[in-house]
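Please read this briefing alongside the sequence and the coordinates.

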Amino acid sequence: MRILSPRLREEVFALLPEEVEVDYLDEPWPKAVDFFLPPFGQEEVVRQVLAQVEVKVVQTLSAGVDWILPLVPEGVVLCDGSGIHDAPVAEWVVMGLLALLKDLPGFLEAQGEGRWAPKRLSDLEGKAVLLLGYGSIGKAVEARLRPFGVEVLPVARHARPGVYTPQDLPHLLPRAEAVVVLLPLTPETRGLVDREFLARMKPGALLLNAGRGAVVDTEALLEALKEGRVRAALDVTDPEPLPQDHPLWRAPGLLLTPHVAGLSEGFARRAARFLAEQVLRYLRGEPLLNVVREGY
């Protein structure tokens with residue numbers, strides 16, 4: 001079988017069977033491949049490949065597929081990379097919660113000014129944290145929060161024991177001291193965190209977004225930050241990349257990182273394990289992992 005891929009670190013392909021041939025995105029491309037690993041965010045390259053190469057499976061190494069979903073022709077299987085980024089994104093969420101609760105941005109500012117500024121800090125222990133999105137990353141976040149003594153309120157599309165649905169948000173939002181957004185971008189989730197959503201949150205609550213930027217209404221969030229009703233940590237923004245003159249850069253109560261939660265030194269190792277399992281399933285004729293249906 002053949003894989004068409006951008007040039008990734010050698011570890012990503014080290015576990016593949018010997019009969020797998022890897023072609024890179026250096027033209028000329030092969031006429032047909034079994035798997036295509038698209039370069040993240042490069043829509044024009046993806047469009048050209050899918051127009052010129054017969055592809056059976058498009059396998060992203062990102063959990064979100066909103067950027068590529070409209071480009072995949074009918075009849076081509078699309079699989080996402082759910083599970084590859086669970087650990088680093090979950091760690092980013094814990095970092096963001098602790099940084100905001102312990103006012104790390106404020107202490108860094110004081111340090112830069114040579115100012116001794118002690119203050120009473122908040123605890124993570126005992127806080128109620130709402131997880132908006134309860135897939136593999138949401139479960140990884142929950143596993144890391146439980147030892148802190150956190151009350152986790154998971155929200156998913158479908159109800160099951162111990163898991164809420166979006167219909168429960170009106171009574172959950174006033175309970176939660178923090179809301180963690182882990183949703184993919186779909187027509188249903190775009191702009192979900194709007195003025196009404198933010199107004200329902202507990203005064204002074206934290207909003208963390210490690211999903212997709214457009215799930216949060218940027219203007220509504222800016223208003224809430226300026227009014228001091230919420231504080232936030234964002235790894236994703238709308239627009240993205242964030243223009244240099246955008247007011248989010250200077251918004252009060254905001255910790256901002258440039259979409260790096262999933263970028264970690266362990267990516268190649270985790271991607272290699274996942275891709276090897278996916279390829280073996282394909283060769284054995286078994287069901288593939290993470291097949292995208294209904295935009296997820």
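A pocket is taken here, on a 1 Å grid over the protein atoms alone, as an open set of points where a 1.4 Å probe fits, with protein on both sides within 12 Å along at least five of seven lines, and its lining residues have an atom within 4 Å of a point. Grid points are joined across faces, edges and corners, and a volume is the space filled by probe spheres set on the points. By these criteria, the second largest pocket holds about 270 Å³ of space. Of the 13 residues that line this pocket, Leu100, Asp103, Gly106, Lys119 and Arg231 are the closest to its centre.

This is a predicted model, in which local features need pLDDT of at least 70 and side-chain atom pairs count only at pLDDT 80 or more, while totals for chains, interfaces and linings use all residues. Residues are numbered from 1 along each chain as its sequence is written, and side-chain values use heavy atoms, with hydrogens and water left out.

**Lining of the second largest pocket**

- Helices (H or I, at least four residues) and strands (E, at least two) are DSSP runs numbered from the N terminus; helix H3 (86-101) and helix H4 (104-112) each supply at least two residues of the lining.
- The largest share of the lining, three residues, comes from H4.
- The lining divides into five nonpolar, three polar and five charged residues, where Ala, Val, Leu, Ile, Met, Phe, Trp, Tyr, Cys and Pro count as nonpolar, Asp, Glu, Lys and Arg as charged, and the others, Gly among them, as polar.

**Backbone geometry**

- Most residues other than glycine have a negative phi, and most peptide bonds are trans.
- Asp103, one of the residues closest to the pocket centre, has a positive phi near 50 degrees and is found in the loop between H3 and H4.
- Asp103 is buried, with a relative accessible area of 19%; buried means under 20% relative accessible area, exposed over 50%, and partly exposed in between, with a 1.4 Å probe and protein chains only.
- Asn290 is not a glycine either, yet has a positive phi of about 60 degrees; this residue lies in the segment after helix H9 (267-284) and, at 25% relative accessibility, counts as partly exposed.
- The peptide bond from Glu27 to Pro28 is cis, with omega near 5 degrees, and Pro28 is found in the loop between strand E2 (21-24) and strand E3 (32-36).
- Asp238 and Pro239 are also joined by a cis peptide bond, with omega about 10 degrees, and Pro239 is found in the loop between strand E10 (230-234) and strand E11 (254-256).

**Salt bridges**

- The structure holds 19 salt bridges, each being a side-chain nitrogen of Lys or Arg within 4 Å of a carboxyl oxygen of Asp or Glu.
- Arg2 forms a salt bridge with Glu21, the closest N and O atoms being 3.4 Å apart; Arg2 lies in strand E1 (residues 2-5) and Glu21 in strand E2, so the pair ties together parts that are 19 residues apart in sequence.
- Arg2 also meets Asp23 in a salt bridge (2.8 Å, N to O), linking strand E1 to strand E2 across 21 residues.
- Arg2, Glu21 and Asp23 are thus linked in a network of salt bridges, in which Arg2 is partly exposed at 30%, Glu21 is partly exposed at 42% and Asp23 is buried at 14%.
- Asp66 and Arg212 meet in a salt bridge (2.9 Å, N to O); Asp66 lies in the loop between strand E4 (54-59) and strand E5 (77-79) and Arg212 in the loop between strand E9 (205-209) and helix H8 (218-226), so the pair ties together parts that are 146 residues apart in sequence.
- Asp66 is partly exposed, with a relative accessible area of 24%, whereas Arg212 is buried, at 13%.

**Aromatic contacts**

- A search of the whole structure finds three aromatic pairs, the rings of Phe, Tyr and Trp (its six-membered ring) being paired if their centres lie within 6.5 Å, with planes under 30 degrees apart counted as stacked, over 60 as edge-to-face and the rest as tilted.
- Among them, Phe35 and Tyr282 form an edge-to-face pair, at 5.1 Å centre to centre and 80 degrees between the planes, which links strand E3 to helix H9 across 247 residues.
- Phe35 is buried, with a relative accessible area of 0%, whereas Tyr282 is partly exposed, at 22%.
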